[in-house]
Amino acid sequence: MMKLDEMQKRLLLEVADLHAVPEGAYNIRANSQSAGRQSTANIEIVPKTEVSGLEIRIKPGTKNESVHIPVVMTQSGLKEVVYNDFFIGEGADVVIVAGCGIDNCGNQDSQHDGIHRFYVGKGAHIRYVEKHYGSGSGAGKRILNPVTEVYQEEGSSVEMEMVQIKGVDDTERATIAELAAGARLVVRERLMTHGDQRAISTYTVHLNGEGASADVVSRSVARDHSYQKFDAKLVGNAACNGHTECDSIIMDQGRILAVPGLEANNVDAALVHEAAIGKIAGEQLIKLMTLGLTEQEAEEQIINGFLK
Amino acid sequence: MLELRNVSFQVDADGQDKEIIRDISLKLPEGRLTVITGPNGGGKSTLARLIAGIEKPTDGQIFFRGEDITSWGVTERARAGIAFAFQQPVRFKGLQVLDLIRIASGRQVSVSEACSYLSRVGLCARDYIGREINASLSGGELKRIEIATVLARGAALTVFDEPEAGIDLWSFQNLIQVFTDMRERMKERSIIIISHQERILNTADEIIVLRDGRVAAQGSKEDVLPGLIGTTSAIGTCRALDSESGGIVE
């Protein structure tokens with residue numbers, strides 16, 4: 001395994017909660033190179049040959065195992081597009097931890113675009129955690145443009161947790177999902193932007209099979225002069241259930257555009273969207289101040305709770 | 001403990017100055033339970049908010065433990081030992097009951113200690129400690145959680161603004177028990193309750209009647225309460241519950 005420097009280790013901790021080499025299967029990518037890789041009896045990680053990226057094959061019936069594929073970048077000016085494909089066998093039940101941390105102290109932009117495709121077999125269940133984090137004081141931007149495609153077979157279930165709390169200057173996230181009968185998708189997105197950051201998140205979920213269901217919930221905070229756009233579209237093509245929710249706190253001169261979209265192409269499709277944008281209520285601040293917090297501490301508590 | 005000297009409070013109502021509190025002077029000694037009553041619109045809740053620092057008097061001074069706190073903000077007063085229970089508790093998306101109790105107590109209290117505050121207000125702690133303080137809680141549940149957070153503060157002076165509002169009969173019995181307990185446990189501490197509930201008035205050492213922003217009467221429970229029975233300043237439990245559904249006429 002390639003040795004990671006202190007900054008790379010710190011990024012690894014931020015995006016994947018890793019203090020050391022994880023148990024189970026993993027691939028650690030540092031400055032566009034593999035810093036360590038391990039397959040297990042049930043999970044095989046193979047590098048792609050034509051483009052940059054990995055093929056991750058999880059055998060049917062694999063239970064209680066995990067895959068970590070974190071990416072860290074500390075070299076200013078690095079730009080990369082990485083294609084990772086996950087093939088999850090029937091009845092498997094695994095946790096996949098991705099995530100990307102960029103530290104840019106230079107003047108050139110650093111950019112990582114991760115294209116992740118998930119082929120989820122019948123009755124399989126995955127929990128996917130993706131954290132994005134940026135640091136560094138350089139003028140160069142930290143840019144992340146993830147694309148996530150999810151293809152779910154009958155009765156499969158996918159839980160996705162997408163977190164971007166700090167330091168990413170520009171992000172365009174696109175997620176598309178296709179669900180067969182009885183498949184279930186749950187997305188929890190948490191986002192905070194500050195400074196002049198810009199974050200765009202687009203979801204398109206096709207509920208194609210009877211009994212398919214999706215629940216896409218985004219909670220976000222826009223501070224300073226930052227801009228966010230949340231665009232979530234559910235397409236019901238069968239007797240299905242879908243729910244999207246965008247709940248945002250706006251502060252300072254932040255701006256948020258929520259574009260919920262529902263398309264029902266079947267009379268038994270039940271689709272719901274909710275969207276709410278507002279500043280922190282004065283009464284909430286006063287309540288916490290009567291408990292001894294300053295206005296600023298109260299604000300932090302409210303935001304931390306909201307994004308927890 | 002707490003002294004108000006010539007306190008007045010005006011608001012701008014449609015371009016006209018409206019005086020809510022008119023030149024009130026009061027002294028509340030340490031270790032007493034004072035209930036402030038009076039007809040609706042008499043200024044009771046405003047007085048409570050003036051004490052907590054949520055509103056600032058337009059005239060006069062407020063002293064707490066001998067210090068002039070008139071210019072102090074909400075946070076400073078809270079840190080000096082003033083706790084305030086809201087008439088309509090606030091909801092927070094994401095914050096859990098345990099978080100709020102920890103903030104209130106000012107330290108990382110253990111889960112079992114946090115649970116003990118919930119038990120004191122009649123909530124099964126195990127079911128509530130991890131709950132978000134959001135719209136999934138009923139008004140009565142929120143109210144009891146509000147009171148639990150105030151108990152966790154253990155403040156020198158606790159002000160309850162209409163603690164019975166929005167609470168059901170069973171919770172109401174429990175509420176009386178909470179005040180009796182507080183008295184037992186914290187003999188040197190002071191409690192002010194804004195209420196026109198006869199049973200809450202019965203727990204008082206001292207009663208103050210506010211009418212039209214002025215003190216209409218002040219004295220021991222024995223002296224003041226008999227004169228209030230049957231008026232809107234001392235409502236019986238059943239009538240009070242009727243009034244929740246609009247059944248009482250002022």
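1. Start with a turn in chain B. Strands β4(B) and β5(B) form a hairpin, with two residues between them. One residue of the turn, R65(B), has a positive phi of about 50°. The model is a predicted one, so read this angle as a computed value.

2. β4(B) pairs with β5(B), residues 67–68 of chain B, over two bridges. Within this pairing, F63(B) stands opposite D68(B).

3. β4(B) has a further partner to look at. Strand β1 of chain B, residues 2–13, pairs with β4(B), residues 59–64, in the antiparallel sense. Five bridges hold this pairing.

4. Next, the open sheet of chain B. It has six strands, and their order is β6-β7-β8-β3-β9-β10. The pairing is mixed. β6 (82–85) and β10 (214–220) of chain B are the edge strands, each pairing on one side only. From one strand to the next, the twist averages 15°.

5. Strand β9 of chain B, residues 206–211, is joined to β10(B) by six bridges. The two strands run antiparallel.

6. Helix α1 of chain B covers residues 44–52. The strands under α1(B) are β3 (33–37), β6, β7 (157–161), β8 (190–194) and β9 of chain B. The helix runs at about 150° to β7(B).

7. Helix α3 (residues 97–105) and helix α6 (residues 139–153) of chain B have axes that come within 7 Å. The axes cross at roughly 30°, and the crossing of α3(B) past α6(B) is right-handed. On the α3(B) side, the contact is made by V97(B), L100(B), I101(B), A104(B) and S105(B). On the α6(B) side, I145(B), A148(B), T149(B), A152(B) and R153(B) take part. By class, the residues of this contact are seven nonpolar, two polar and one charged.

8. Now chain A as a whole. It has three helices and 22 strands. Its radius of gyration is 20 Å, close to the 19 Å that the globule rule gives for 308 residues, so chain A is as compact as a globular protein of that length. Along the principal axes, the C-alpha atoms fill a box of roughly 55 × 55 × 35 Å.

9. How much of chain A is buried? Of its 308 residues, 46% count as buried. Contacts across the sequence are also on record. Take the contacts in chain A with a separation of 6 or more: 81% of them come from residues 24 or more positions apart.

10. Chain A has a run of parallel pairings. Strand β5(A), residues 63–68, pairs with strand β8(A), residues 93–97, over five bridges in the parallel sense. K63(A) has D93(A) as its bridge partner in β8(A). β8(A) is in turn joined to strand β11(A), residues 125–135, by five bridges, and these strands run parallel. In β11(A), R127(A) is the bridge partner of V95(A).

11. I88(A) sits in strand β7 of chain A, residues 79–88. Is I88(A) buried or exposed? It is buried, because 28 other C-beta atoms lie within 10 Å, and the cut-off for burial is 20 or more. Beyond its neighbours within four places in sequence, I88(A) is in contact with I58(A), V94(A), F118(A), Y119(A), V120(A), G121(A), A124(A) and I126(A). G261(A) is 173 residues from I88(A) in sequence, and their C-alpha atoms are 30 Å apart in space.

12. Last, the place where the chains touch. Here 17 residues of chain A are in contact with 19 residues of chain B. On the chain A side, the elements giving two or more residues are α2 (282–290) and α3 (295–306) of chain A. The largest share, seven residues, comes from α2(A). The chain A side divides into seven nonpolar, six polar and four charged residues.

Methods: Residues are numbered from 1 along each chain as its sequence is written. Chains are lettered from A and ligands numbered from 1 in the order in which they are written. This is a predicted model: local features need pLDDT of at least 70, side-chain atom pairs count only at pLDDT 80 or more; totals for chains, interfaces and linings use all residues. Two strands pair if DSSP finds at least two bridges between them. Helices (H or I, at least four residues) and strands (E, at least two) are DSSP runs, numbered from the N terminus. Two residues are in contact if their C-beta atoms, placed from the backbone, lie within 7 Å. Ala, Val, Leu, Ile, Met, Phe, Trp, Tyr, Cys and Pro count as nonpolar, Asp, Glu, Lys and Arg as charged, and the others, Gly among them, as polar. The radius of gyration is taken over C-alpha atoms; the globule rule is 2.2 Å times the number of residues to the power 0.38. A residue is buried if 20 or more other C-beta atoms lie within 10 Å of its own, exposed if 12 or fewer, and partly exposed in between; C-beta atoms are placed from the backbone. Axes are lines fitted to C-alpha atoms, for helices over the stretch in contact, and angles run from 0 to 180 degrees between N-to-C directions. A crossing is left-handed if the near helix is turned anticlockwise from the far one by less than a right angle, and right-handed if clockwise.
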